[in-house]
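Please keep the sequence and the model in view while going through the points.

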Amino acid sequence: MKPIADKVIWKTLQLCTRLLQKAEVSFQYKQGRNLNKIPIKDILYFKSNDREVEMITTNGRKTFYGSLENIYDKLSIHRFFYVHKSYLVNYMNVTEFFYDRICISNNDIIKIAQNRRKHVREIQKNYLYLEIENVD
């Protein structure tokens with residue numbers, strides 16, 4: 001009914017926000033003939049060896065055929081970035097940044113390729129800036 005009260009609008013927006021936050025975004029991959037999915041928040045990083053991709057998660061490792069380029073195309077909006085041509089990392093699971101390496105939440109250490117160090121520092125700076133901006 002018109003006029004709509006401000007209170008009703010705010011309650012509706014808050015409900016929508018809570019529902020969106022609960023919705024879990026997943027990554028889908030094919031393993032053999034099976035189509036699997038995993039919550040993006042559970043993915044630590046991807047490691048590529050030719051056509052084979054190893055996905056390191058909070059629950060272990062999964063191997064499937066694919067390319068990091070295709071995975072990056074799907075996951076770059078979820079803060080995944082390259083530290084090396086063979087490593088695609090979930091920014092949300094990086095615990096420490098060093099000049100030449102990063103530490104992941106499972107204590108794995110991944111070296112940053114020399115030609116990607118500047119780019120990784122830029123990513124870190126940009127995401128850190130976004131996080132600080134969102135706190136204010």
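1. R101 counts as partly exposed, at 31% relative accessibility; here buried means under 20% relative accessible area, exposed over 50%, and partly exposed in between, with a 1.4 Å probe and protein chains only. R101 lies in strand β9, residues 101–104. Helices (H or I, at least four residues) and strands (E, at least two) are DSSP runs, numbered from the N terminus.

2. The model is predicted: local features need pLDDT of at least 70, side-chain atom pairs count only at pLDDT 80 or more, and totals for chains, interfaces and linings use all residues. Residues are numbered from 1 along each chain as its sequence is written, and side-chain values use heavy atoms, with hydrogens and water left out.

3. Which residues does R101 contact, leaving aside its neighbours within four places in sequence? They are E96, I109, I110, K111 and I112, where contact means heavy atoms within 4.5 Å. From C-alpha to C-alpha, R101 and I112 are 4.9 Å apart in space, although 11 residues separate them in sequence.

4. The side chains of R101 and D100 form a salt bridge (2.9 Å, N to O). The term denotes a side-chain nitrogen of Lys or Arg within 4 Å of a carboxyl oxygen of Asp or Glu. D100 is partly exposed, with a relative accessible area of 30%.

5. R61 is partly exposed, with a relative accessible area of 48%.

6. A further salt bridge links the side chains of K125 and E122 (3.3 Å, N to O). Both residues lie in helix α3 (residues 117–135), 3 residues apart, which is about one turn of the helix. E122 counts as partly exposed, at 35% relative accessibility. Elsewhere, salt bridges that share partners join E54, R61 and D108 into one network.

7. The largest nonpolar core has 16 residues, and those with the most contacts inside it are Y45, F81, V83, V89, I102, I104 and I110. A nonpolar core is a set of buried Ala, Val, Leu, Ile, Met, Phe, Trp, Tyr and Cys residues joined through side-chain atoms within 4.5 Å. At least two residues of this core come from each of β3 (43–49), β6 (80–84), β7 (87–90), β9 and α3. The largest share, 3 residues, is supplied by α3.

8. Not counting residues up to four places away in sequence, I102 touches V83, V89, V94, E96, F97, D108, I109, I110 and I112.

9. On the surface, I4, V8, I9, W10 and L13 form a nonpolar patch, with about 510 Å² of accessible area together. Patches are made of residues with over 30% relative accessible area and no salt bridge; like charges are joined within 9 Å, and nonpolar side chains (Val, Leu, Ile, Met, Phe, Trp, Tyr) within 5 Å. Accessible areas come from the Shrake-Rupley method with a 1.4 Å probe; for residues, only the protein chains shown count as cover. Within this patch, W10 belongs to helix α1 (residues 6–22) and is exposed, with a relative accessible area of 55%.
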